[in-house]
Amino acid sequence: MMYDYKLHLVIRPHGLACGSSQLASHHEARKLVLAAPYDSFVSVMNDYVNVFYPPLSFFADFKFPSYEYAKDITCPTVIYYSEDDQLVRVKHTKALIKSFAKVTPEVNALSSHTSHNGVYQSEEFQSELFGLTLEEYKAKMVSQTPQSNQ
């Protein structure tokens, strides 16, 4: 009997690891959950390293063109991002969202003042990872919090 991995496979990269969305473009998965994703590593780096002329793309070995992989993704996709992300700026996430051709991703903008790492650490994102509603996730976290002896 063969193991049907697509019933269980949930791909959940965060930030710069979102280049691994290539995996979802080549393999069936139950879900793709992206936190702070970007269109391409080169475009993100060009925001920070603008001393190169021509652009950084001529020097980068690893381009991670997520926008190319997004065209072939067919599994349900959920995206979490923050307008205040200072590492992966929102323009890169919005460019990636426009790249999806076969599926319309569910897009969740987190509350303001959420940092890049805060996207992954947010209750909204964590509840998605566990397949729970936000209320179920909060209840689970409360039940796992050690109670102080009073």
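Trainee: Where is R89 found, and how do you know what counts as a helix or strand there?
Mentor: R89 is in the loop between β3 (77-82) and α4. Helices (H or I, at least four residues) and strands (E, at least two) are DSSP runs, numbered from the N terminus. Mind you, this is a predicted model, where local features need pLDDT of at least 70, side-chain atom pairs count only at pLDDT 80 or more, and totals for chains, interfaces and linings use all residues. Residues are numbered from 1 along each chain as its sequence is written, and side-chain values use heavy atoms, with hydrogens and water left out.

Trainee: Why is R89 called partly exposed?
Mentor: Its relative accessibility is 32%. Buried means under 20% relative accessible area and exposed over 50%, with partly exposed in between (1.4 Å probe, protein chains only), so R89 counts as partly exposed.

Trainee: What is R89 in contact with, leaving aside neighbours within four places in sequence?
Mentor: D47 and Y48, contact being heavy atoms within 4.5 Å.

Trainee: Which residues of helix α2 are buried, and what do they pack against?
Mentor: In α2 (residues 41-48), V42, S43, V44 and D47 are buried. They pack against α4 (90-99).

Trainee: What makes a set of residues a nonpolar core?
Mentor: Buried Ala, Val, Leu, Ile, Met, Phe, Trp, Tyr and Cys residues, joined through side-chain atoms within 4.5 Å. The largest one has 11 residues, including L34, A70, I73, I79 and F100. Apart from it lies another core, of 9 residues, among them V33, Y80, L110 and F125.
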